[in-house]
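Subject: Structure handover

Hello,

Here is the structure I promised to pass on. Please open it first, then read my notes below.

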Amino acid sequence: MEQGYIENGFIVDVSNAKKTSEIIYQLSTILDLPDAHCKKVCLKLGDIELSASELLSIKALVESMNSEIEFVTTLSPATVDAAMEIGLKVSELENKVQAPDFNQGEEAAQETNKELEKALDKIFGDSGLDEPTFQAEKEMKKLKAETSDSVPVLTEFKNESELVDEVIDNIQVVQQEQEEPEIAEPKAEIAPEFSEHIQTAQVEQEEEEQLEEEFAELEDFNKQLEQINKEVANAYDSDSEDDFLQIQKSLRETEKLPTLYIQRTLRSGQSITAEGNIVVIGDVNPGSEIKAKGDITVWGILGGIAHAGSDGNKYARIRALKMHAIQLRIADVFARRPDSINIPYIQKSSTFEPEEARVKHKQIIISKMYEN
Amino acid sequence: MDGRVIVITSGKGGVGKTTTNANIGTALAKEGKKVVMIDTDLGLRNLDLLLGLENRIVYTIVDVVEERCKLKQALVKDKKNPNLCLLAAAQTRDKTAVTEEQLKDICEQLKKDFDFILVDCPAGIEQGFQNAVAGASEAIVVTTPEMSAVRDADRIIGLLEAKEEIKSYKLLLNRVRPNLIKSNDMMSVDDVVEILSAELIGIIPEDTGIITSTNKGEPIVNDEKSLAGKAYKNVARRIIGDDVPFLNLEEDTSFVGKMKKFFSGLMGKEK
């Protein structure tokens with residue numbers, strides 16, 4: 001117990017977190033799991049330095065999720081002090097839990113841990129992604145080394161002020177251009193060329209101007225490209241990132257709601273209201289109404305009025321094997337069946353196309369389920 | 001504006017109250033009158049279907065009564081004619097959701113803005129009928145030339161006469177089949193009028209087009225060729241006060257009819 005073993009609890013490893021916000025995010029997602037309720041938590045921190053107030057907020061978060069921090073383990077002495085200050089137990093968990101039976105020293109344990117991590121990285125880490133970036137880095141370093149080599153050569157000729165200034169200008173241009181891989185190669189050639197030129201003490205003005213012009217053009221083009229990219233990214237973001245998170249969140253919320261399960265056909269005049277989700281195994285005939293605070297799913301023909309997210313949840317959805325609803329309402333958005341297919345009765349047919357209705361840009365859109 | 005409140009009733013079900021309501025309402029609106037139709041058949045509403053307005057109903061008469069919305073919000077405008085409105089019944093409630101007083105109040109409010117308020121009455125003589133009649137000052141009794149329908153109409157007329165608010169009532173004979181009358185298999189128009197001793201406002205012939213028009217959600221008065229549509233149009237004009245002669249149903253005036261008559265004459269001679 002004292003050595004870092006916890007009964008009815010579990011270890012939360014946030015040692016890879018570099019910021020307090022990351023720790024809080026990871027913690028909240030883990031503690032949100034139903035298994036985590038009312039259990040003790042051992043917080044495994046990395047070498048991040050946390051102040052007493054930050055630790056307090058983490059503690060508060062854990063307690064708000066009906067859990068309790070049993071002790072923390074950290075690699076940072078500052079965090080140890082902070083934890084002591086607010087009365088949290090500090091323990092070295094790693095050697096006790098990882099190798100409880102072997103009397104290994106602290107260092108040995110850490111080494112084995114590192115080896116283990118390495119091995120795990122090899123298995124789970126995306127090594128395929130790492131390699132190319134590493135190579136790219138190498139190339140960059142090479143290029144840098146080359147340019148820095150050429151600079152000292154030039155600085156030797158400081159006295160011939162005009163020439164050197166020009167050359168330095170050129171080199172600055174070259175350095176900036178290096179960021180573009182296409183032009184990176186010719187540069188390597190230019191550098192020795194220049195050194196020759198310097199020795200002959202003849203730099204052609206025209207060439208320089210041309211280069212500058214080309215560079216200006218390139219810069220313009222780059223700016224345009226950047227702007228276009230930004231616009232595209234913005235357009236994409238506004239639709240996806242925020243929305244996506246919200247949708248995920250609301251999906252989790254509707255999952256928690258109670259679900260009413262109806263295993264018969266709803267006929268005209270019957271209405272059902274539920275605090276949570278509704279699942280109907282059967283048809284919902286015209287003239288009937290279903291109203292739910294969560295989602296509505298009809299395993300059959302939806303021909304009546306369906307109102308999902310009746311308390312204002314615009315992320316609620318309505319699904320049906322056949323969407324023939326007279327009216328669909330989601331939160332405060334409203335849609336009615338087009339007049340062109342105003343059939344007062346539902347045509348029974350053997351073709352079923354599962355469809356889903358949801359709100360997008362304040363309008364209800366219906367899409368086929370398999371397109372989502 | 002002081003609108004006329006007309007209740008359309010029958011006692012017996014299935015004689016064509018709702019069809020009559022939809023068609024007279026549409027015809028009146030076509031004549032340029034401002035018309036609102038109230039469906040008081042709570043729980044068995046059909047008027048919206050006949051008008052093809054089912055998908056537009058957001059609030060019903062029960063929502064108005066229970067003050068979930070204003071009266072004007074609950075009025076559903078017709079697809080084609082802006083003069084025509086519908087106050088729909090609630091499908092998920094029963095007759096007890098609305099009282100006579102509340103309906104009277106709604107009629108009084110609508111009188112200010114509309115020329116005609118047509119109240120669609122449910123079948124029967126119970127609470128639903130009492131509610132529908134409460135706000136009305138005129139009545140149209142729909143019946144068919146069948147003994148059971150005539151008997152029920154008689155009962156209804158008796159109840160209407162007992163109501164002080166109902167100043168006048170007219171008879172509308174629906175689903176008349178001239179051929180059957182001719183062959184003495186159906187009560188004639190005169191027979192019915194004699195039994196009920198009520199003033200006739202219209203005779204509507206049986207028309208299979210009614211079925212398709214109901215299914216399409218399009219009143220038959222919009223069909224210029226239909227005889228029943230023509231008859232309903234005449235009823236509307238008579239309501240306004242025009243003196244329109246009754247259609248001669250017995251003589252088929254169409255070209256095809258004349259040809260038929262001609263050929264049948266020939267055949268008869270040959271035989």
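The notes below start with the chains and then go through their parts.

This is a predicted model: local features need pLDDT of at least 70, side-chain atom pairs count only at pLDDT 80 or more, and totals for chains, interfaces and linings use all residues. Residues are numbered from 1 along each chain as its sequence is written, while chains are lettered from A and ligands numbered from 1 in the order in which they are written.

**The two chains**

Chain A has 9 helices and 14 strands. Chain B has 12 helices and 8 strands. Helices (H or I, at least four residues) and strands (E, at least two) are DSSP runs, numbered from the N terminus.

Of the 372 residues in chain A, 23% are buried. For chain B, the figure is 47% of 271 residues. A residue is buried if 20 or more other C-beta atoms lie within 10 Å of its own, exposed if 12 or fewer, and partly exposed in between; the C-beta atoms are placed from the backbone.

Next, contacts: two residues are in contact if their C-beta atoms, placed from the backbone, lie within 7 Å. Take contacts between residues at least 6 apart in sequence. In chain A, 43% of these join residues at least 24 apart. In chain B, 76% do.

**Where the chains meet**

On the chain B side, 11 residues are in contact with 13 residues of chain A. That side of chain B divides into 1 nonpolar, 7 polar and 3 charged residues. Ala, Val, Leu, Ile, Met, Phe, Trp, Tyr, Cys and Pro count as nonpolar, Asp, Glu, Lys and Arg as charged, and the others, Gly among them, as polar.

**Strands in chain A**

Strand S10 (residues 318-323) of chain A has 5 of its 6 residues buried. S10(A) pairs with strand S8 (residues 296-302) of chain A in the parallel sense, over 5 bridges. Strands pair if DSSP finds at least two bridges between them. S10(A) also pairs with strand S13 (residues 355-360) of chain A, in the antiparallel sense, over 3 bridges. A:Ile318 of S10(A) stands opposite A:Ile296. In S13(A), the bridge partner of A:Ile318 is A:Ala357.

An open sheet of 5 strands in chain A runs in the order S5-S7-S9-S11-S12, with mixed pairing. Strand S5 (271-274) and strand S12 (333-336) of chain A each have a single partner strand, so one side of each is left without a neighbour in the sheet. Strand S11 (residues 327-330) of chain A pairs with S12(A) in the antiparallel sense over 4 bridges. There, A:Leu328 stands opposite A:Ala335 in S12(A).

**Helix packing in chain B**

Helix H1 (residues 17-30) and helix H11 (residues 227-240) of chain B pack at about 65 degrees, with their axes 8 Å apart. Axes are lines fitted to C-alpha atoms, for helices over the stretch in contact, and angles run from 0 to 180 degrees between N-to-C directions. Residues making the contact include B:Ile24 and B:Leu28 of H1(B), and B:Val235 and B:Ile239 of H11(B). By class, the contact has 7 nonpolar, 1 polar and 1 charged residues.

Helix H7 (residues 147-162) and helix H9 (residues 189-196) of chain B cross at roughly 35 degrees, and their axes come within 10 Å. Among the contact residues are B:Ala153 and B:Asp154 of H7(B) and B:Ile195 of H9(B). This contact has 6 nonpolar, no polar and 1 charged residues.

Best wishes
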